[in-house]
Amino acid sequence: MKRWQRILVSVLFFVSAGACAGKPVIVEQWADPSRQIIERAAYRIVFEPLKTGGKSFRTFSLTLENKTAAEIEIDWNQTRYVHNQNIRGGFVFAGIEPEDTKAGTIPADKVGGGETFQREIAPQRLLAYATIRDKSVAPGQSGINAGPVPEGRNGIALLLRMDGKEFRENLAVDIGRGK
């Protein structure tokens, strides 16, 4: 066998060996800490990433416990998603209209004195839209889903109002793969 033929056979062998490689393994995501909690005299906030089927985080759970008699308001138009210390837009959740997110007119949530509020939220910029040809979306269901949360530091810059004052609270968790 001539030299060029040996090289050709070697190249073909390595190319075919790579083509027969197994399916990639999807490694489960982890969060550290698994949730972040801020405890103040007036309120307690819990921010936690959620896996909604599968191995990746797609949404976050936000819980606000009001420890006072006064009402606390969450301003969703001024609350921001933060990824690796960069503001990356707002949050969305079930029940709001796309026009409200675009116009910045998402109604505020009000938490009465002594009440606990909980909402599942997703970063707006990570939404995944089903294609027109996608037949897995049943009639009456939304073709909009929360996309996977990227690795890195993911958080919320939450704007609260209470007694005419504004409070900005920053909560974040580190998300990675493997471990």
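Leaving aside neighbours within four places in sequence, which residues is Asn154 in contact with? The legends below begin with an overview and then answer this question.

**Figure 1. Overview of the predicted model.** This is a predicted model, in which local features need pLDDT of at least 70 and side-chain atom pairs count only at pLDDT 80 or more, while totals for chains, interfaces and linings use all residues. Residues are numbered from 1 along each chain as its sequence is written, and side-chain values use heavy atoms, with hydrogens and water left out. The protein has two helices and 14 strands; helices (H or I, at least four residues) and strands (E, at least two) are DSSP runs, numbered from the N terminus. Of its 179 residues, 35% count as buried. Buried means under 20% relative accessible area, exposed means over 50%, and partly exposed lies in between (1.4 Å probe, protein chains only). The accessible surface comes to about 11200 Å², and 53% of it belongs to carbon and sulfur atoms; such areas come from the Shrake-Rupley method with a 1.4 Å probe, and for residues only the protein chains shown count as cover. Among contacts between residues at least 6 apart in sequence, 63% join residues at least 24 apart, where contact means heavy atoms within 4.5 Å.

**Figure 2. Asn154 and its surroundings.** Asn154 lies in strand S13 and, at 0% relative accessibility, is classed as buried. Apart from neighbours within four places in sequence, Asn154 is in contact with Phe47, Phe60, Tyr81, Val82, His83, Val149, Leu171, Ala172, Val173 and Ile175. With the side chain of Tyr81, the side chain of Asn154 makes a polar contact of 2.4 Å. The side chain of Asn154 also reaches the backbone oxygen of Pro150 at 2.9 Å. A polar contact is a pair of N or O atoms within 3.5 Å; within protein, one must be able to donate a hydrogen and the other to accept it, and residues adjacent in sequence count only if both atoms are side-chain atoms.

**Figure 3. The largest nonpolar core.** A nonpolar core is a set of buried Ala, Val, Leu, Ile, Met, Phe, Trp, Tyr and Cys residues joined through side-chain atoms within 4.5 Å. The largest one holds 34 residues, and those with the most contacts inside it are Ile45, Leu62, Leu64, Trp76, Ile121, Ile156 and Leu160. Two or more residues come from each of strands S3 (43-50), S4 (59-66), S5 (72-74), S8 (91-92), S10 (116-123), S13 (152-162) and S14 (165-177). The largest share, four residues, is supplied by S13. Not counting residues up to four places away in sequence, Ile156 touches Phe47, Leu62, Thr79, Arg80, Phe91, Ile121, Glu169, Asn170 and Leu171.

Figure 4. Ile45 is found in strand S3 and is buried, at 0% relative accessibility. Beyond four places in sequence, the contacts of Ile45 include Leu62, Leu64, Leu158, Leu160 and Glu169. Ile45 and Glu169 are 124 residues apart in sequence, yet their C-alpha atoms are 8.9 Å apart in space. Val46 also belongs to strand S3 and counts as buried at 9% relative accessibility. Its contacts beyond four places in sequence are Arg35, Gln36, Ile37, Ser61, Leu62 and Thr63. Between the C-alpha atoms of Val46 and Ser61, which are 15 residues apart along the chain, the separation is 7.7 Å.

Figure 5. A cis peptide bond, with omega of about -5°, joins Asp32 and Pro33. Pro33 sits in the loop between strand S1 (29-32) and strand S2 (36-39). Although Asn84 is not a glycine, its phi is positive, at about 50°. Asn84 is placed in the loop between strand S6 (80-83) and strand S7 (86-87), and is partly exposed, with a relative accessible area of 38%. Asp163, likewise not a glycine, has a positive phi of about 55°. Asp163 lies in the loop between S13 and S14 and is exposed, with a relative accessible area of 62%.

**Figure 6. The largest pocket.** The largest pocket has a volume of about 420 Å³. Among its 19 lining residues, Val92, Phe93, Ala94, Leu127 and Ile144 are the closest to its centre. Helix H2 (98-103), S10, strand S11 (127-129) and strand S12 (144-146) each supply at least two residues of the lining. On a 1 Å grid over the protein atoms alone, a pocket is an open set of points where a 1.4 Å probe fits, with protein on both sides within 12 Å along at least five of seven lines; lining residues have an atom within 4 Å of a point. Grid points are joined across faces, edges and corners, and a volume is the space filled by probe spheres set on the points.
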